[in-house]
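Let's take a friendly walk through a protein model, one feature at a time. Keep the sequence and the 3D view open as you read.

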Amino acid sequence: MAVLATEDTLKLTLDQPDQVCVLERQIFDFLGYQWAPILANFVHIIIVILGLFGTIQYRPRYITGYAVWLVLWVTWNVFVICFYLEAGDLSKVTIIKMEEGKGGEGICSQCFSVVMETDLILTFNISMHRSWWMENGPGCTVTSVTPAPDWAPEDHRYITVSGCFLEYQYIEVAHSSLQIVLALAGFIYACYVVKCITEEEDSFDFIGGFDSYGYQGPQKTSHLQLQPMYMSK
């Protein structure tokens, strides 16, 4: 089991960056009330613990489940990246055209557009909170706008953010990209560990393990040496 013992140490080394990164991400998602990422991060932490348990206890089923989850985890992070980069039909901004009265020939006399961010899918549409990095990114300056527009909720601030060295969407993309890299490394390692455990079990059965022919306990042998006896006539 020397090989597997070395693999346990390697597994601990690989899981430490993953756990630290996902915990850091979980903290900032909590601060931004991003409920969908919070739920995904929580499930990921549980699966990582089960995968680590499976490696230490040599349970290939746990490790296989961990590898399957990593595929879903990569898919989720790819979705987050596409969402923040507005790839395809995903968009965080909706332009609402407001009209107040029409002049002659149906021409709008007072028309204006309102740009609203609609990235509420990550909060399950139960709040208007956004990424914590939107207001707290490096170099960002937050300015409150008063009076707030009529459509703005009373329990929310209407602000403008400027001067950011790095926009919040790119920070979120960087977080997801790092998780994808760690997940790919974890998937490759999980497949390797399952292969090693399976080969170890096959080798044990081949040389005559307990399950090959049934275990038979050691038989007691007598230490007395039998000597021929001669009877005198």
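## Two residues with positive phi

Glu 86 sits in the loop between α3 and β1 (93-99); helices (H or I, at least four residues) and strands (E, at least two) are DSSP runs, numbered from the N terminus. Glu 86 is not a glycine, yet its phi is positive, at about 55°. With 33% relative accessibility, Glu 86 is partly exposed; buried means under 20% relative accessible area, exposed over 50%, and partly exposed in between (1.4 Å probe, protein chains only).

Tyr 58 is a residue other than glycine with a positive phi, near 60°. Look for Tyr 58 in the loop between α2 and α3. Its relative accessible area is 28%, so Tyr 58 is partly exposed.

Residues are numbered from 1 along each chain as its sequence is written, and side-chain values use heavy atoms, with hydrogens and water left out.

The pLDDT is the predictor's confidence in each residue, from 0 to 100. Its mean over the chain is 75, and 61% of the residues reach 70 or more. Residues 1-5 have pLDDT below 50, and this stretch makes six contacts in the model beyond near neighbours in sequence; contact means heavy atoms within 4.5 Å. The pLDDT is also below 50 over residues 94-107, a stretch with 31 contacts beyond near neighbours in sequence. Where pLDDT is low, the predicted coordinates should not be read in detail.

## The overall layout

How many helices and strands are in the chain? There are six helices and four strands, and from the N terminus they run α-α-α-β-β-α-β-β-α-α. Among contacts with a separation of 6 or more, 62% are between residues 24 or more positions apart.

Of the chain's 233 residues, 31% count as buried.

Helix α3 covers residues 60-84, which makes 25 residues. From its first C-alpha to its last it reaches 36 Å, close to the 36 Å expected at 1.5 Å a residue; the expected span is 1.5 Å times one less than the number of residues.

A nonpolar core is a set of buried Ala, Val, Leu, Ile, Met, Phe, Trp, Tyr and Cys residues joined through side-chain atoms within 4.5 Å. In the largest one, which has 30 residues, Tyr 66, Trp 73, Trp 76, Tyr 84 and Leu 122 touch the most other members. Two or more residues come from each of α1 (2-31), α2 (35-56), α3, α4 (133-136) and α5 (168-206). Which element gives the most to this core? That is α3, with 12 residues.

## One disulfide

A disulfide is a pair of cysteine sulfur atoms within 2.5 Å, and by this rule the count is one. Cys 140 is joined to Cys 164, with an S to S distance of 1.9 Å. Cys 140 lies in the loop between α4 and β3 (141-144) and Cys 164 in the loop between β4 (159-162) and α5, so the pair ties together parts 24 residues apart in sequence. The torsion about their S-S bond is about 125°, so the disulfide is right-handed.

Are these two cysteines buried or exposed? Cys 140 is buried, at 17% relative accessible area, and Cys 164 is buried at 18%.

Key. This is a predicted model: local features need pLDDT of at least 70, side-chain atom pairs count only at pLDDT 80 or more; totals for chains, interfaces and linings use all residues.
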